[in-house]
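Here's a quick briefing to read with the model open beside you.

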Amino acid sequence: MAHFVGAIDQGTTSTRFMIFDRAGREIARSQLEHRQILPAAGLVEHDATEIWENTLKTIDAALTGAGLEPADLAAIGITNQRESVLVWDRETGEPVHNVIVWQDTRTNDLVARLDAAFVRDRTGLPPATYFSATKIQWLLENVPGLRERASRGEVLFGTMDSWLIWNLTGGSHLTDVTNASRTMLMSLETLDWDPELLELFGIPRAMLPEIRSSADSYGTFSGVPIAAAIGDQQAALFGQTCFAPGEAKCTYGTGGFLLMNTGTTPVRSSHGLITTVGYRFGSDAPVFALEGSIAVAGAAIQWLRDQLGVLGSASESETLAASVEDSEGVCFVPAFSGLFAPYWRPDARAAIVGLSRYHTAAHITRAALEAICYQTRDVVEAMAQDSGTTLDCLQVDGGVTGNALCMQLQADILGVPVSRPAVAETTALGAAYAAGLAVGFWKSVDDLRDNWHEDRRWQPSWSPERREQGITRWKAAIDRTLGWNVGTL
């Protein structure tokens, strides 16, 4: 009898395989980073073959490390970086181009020509380079001969879940409703590809995968059912057991993503948020969510490490930032890919403002941590306006939550407690939960709620006056980035 469930977590910077027991405890994990390919400013790519090979390596390493065989797994769930796209040959399985990553901004001109009201009405999404449709359009227009091959049905499109499912199962071309809802091609009403949107972007229907529920049959790998596919942020919503309307979580990874369960009726945003599918199980009604997406969270720390060289490792950011009392007036707006929610300004550029000769790398690093938290506050404020619900506590997860100073700053800047669960990597856990429910490993969501335990809670310590001063300074810095016009330089 199988006593465990596995999860493939294919993220923006790495791929991991994790194994969980019935109590939701981590039994084993293996993780490998992949290259960030940066051909030019604003362009971000990945090697799809490298990601697939890393996936196989992590599965093998986690099973071997735990002394397990594939037969010990009841099911495997897949969760993935959303919106990133690739196209591959139907016969050979070879990618025709690198993965174009969700952070990539090469399609600015294509996005600018879209009818924003029409796209948002059909999809719940504001037109943005973030989403998949214009990336596919760019590939069709810029890879020689690709449009002709697409029209002949010779190539396939997929987000990263589809790419992994294709390879794991030996050729099943599938996706789930959460990933499809992020492409700017799926109707929120029908939960299927929208013919008018396909025509708008010039994308042949034959390229697209079949859309299935998040917990469903996707085939098998080494005899193990692949029983779930779900976008990473929706997986974290599930892993945090946010099953009731009004429950919310924030995941801090490369970017930052705050999702609130809104029930079986989609809530349209008027304050810069996204209406998206939260999850769907079998033939049940889909559960929707409001989402605030932040392009750069942990990636700001990676930038300090990799581009500026002021950190030897990301973990050093906490010690360095804690060496100063505050940022001494420095504000860092990390708009490397423009600003996402609630601004949706792809033309915004990153800026560090308020510098003097007195300031050091420690002040800039602390400002980077504060930027993660202020961006989150912007989204929390917009979500309260859209939903009428004020958060009493923010449930958090993801790699950045390992930085205790950052989480304390988050509580201070929000003015509400911040709670981290015992299993901080709830993205993988959510995928495992979905797969386990699909095959009966867990009987109901009540079993999953029983598994949730708090690891640590941070209480706000700032005075209202200090909080207001910080917010005012942050908004002034945002105004500067929105007013910056690279074309005038």
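## Helix 1 against helix 6

Ala48, Thr49, Ile51, Trp52, Thr55 and Ile59 of helix 1 touch Met160, Trp163, Leu164, Asn167 and Leu168 of helix 6; contact here means heavy atoms within 4.5 Å. Helices (H or I, at least four residues) and strands (E, at least two) are DSSP runs, numbered from the N terminus. Keep in mind that this is a predicted model: local features need pLDDT of at least 70, side-chain atom pairs count only at pLDDT 80 or more, and totals for chains, interfaces and linings use all residues. Residues are numbered from 1 along each chain as its sequence is written, and side-chain values use heavy atoms, with hydrogens and water left out.

- Sorted by class, the contact of helix 1 with helix 6 has eight nonpolar, three polar and no charged residues. (Ala, Val, Leu, Ile, Met, Phe, Trp, Tyr, Cys and Pro count as nonpolar, Asp, Glu, Lys and Arg as charged, and the others, Gly among them, as polar.)
- The axes of helix 1 (residues 48-66) and helix 6 (residues 160-169) come within 11 Å and cross at roughly 60°. Axes are lines fitted to C-alpha atoms, for helices over the stretch in contact, and angles run from 0 to 180 degrees between N-to-C directions.
- Helix 1 and helix 6 are therefore oblique to each other. (Under 35 degrees is roughly parallel, over 145 roughly antiparallel, 65 to 115 roughly perpendicular, and the rest oblique.)
- The crossing of helix 1 and helix 6 is right-handed. (Right-handed means the near helix is turned clockwise from the far one by less than a right angle, left-handed anticlockwise.)

## Helix 12 against helix 13

- Helix 12 (residues 361-387) and helix 13 (residues 404-414) pack at about 40°, with their axes 9 Å apart.
- That angle makes helix 12 oblique to helix 13.
- Helix 12 and helix 13 have a right-handed crossing.
- On the helix 12 side, the contact uses Arg366, Leu369, Glu370, Ile372, Cys373, Tyr374, Thr376, Arg377 and Val380, while helix 13 brings Leu405, Cys406, Leu409, Gln410, Ile413 and Leu414.
- By class, the residues of the contact of helix 12 with helix 13 split into 10 nonpolar, two polar and three charged.

## The whole chain

- The chain's secondary structure comes to 16 helices and 21 strands.
- Its radius of gyration is 21 Å, close to the 23 Å that the globule rule gives for 489 residues, so the chain is as compact as a globular protein of that length. (The radius is taken over C-alpha atoms, and the rule is 2.2 Å times the number of residues to the power 0.38.)
- Along its principal axes, the C-alpha trace spans about 60 × 50 × 45 Å.
- Buried residues make up 59% of the 489. (Buried is under 20% relative accessible area, exposed over 50%, partly exposed in between, with a 1.4 Å probe and protein chains only.)
- Of the contacts with a separation of 6 or more, 72% are between residues 24 or more positions apart.

## Helix 4 on the inside

- Seven of the 10 residues of helix 4 (residues 133-142) are buried, so this helix is largely enclosed by the rest of the structure.
- The buried ones are Ala133, Thr134, Lys135, Ile136, Gln137, Leu139 and Leu140.
- Their cover includes strand 6 (85-89), strand 7 (99-100), helix 2 (108-112), helix 5 (146-151), strand 8 (155-159) and helix 8.

- Ala341 and Pro342 are joined by a cis peptide bond, with omega at about -5°; Pro342 sits in the loop between strand 17 (331-333) and strand 18 (351-353).
- Leu191 isn't a glycine, yet its phi is positive, near 60°. You'll find Leu191 in the loop between helix 7 (177-180) and helix 8 (195-201), and at 14% relative accessibility it counts as buried.
- Ser222 also has a positive phi, near 50°. Ser222 lies in the loop between strand 11 (220-221) and strand 12 (224-231) and is exposed, at 51% relative accessible area.

- Phe221 belongs to strand 11 and is buried, with a relative accessible area of 18%.
- Not counting residues up to four places away in sequence, Phe221 touches Leu56, Ile59, Ile76, Leu168 and Ile226.
- Asp306 is in helix 10 (residues 298-308) and is partly exposed, at 49% relative accessible area.
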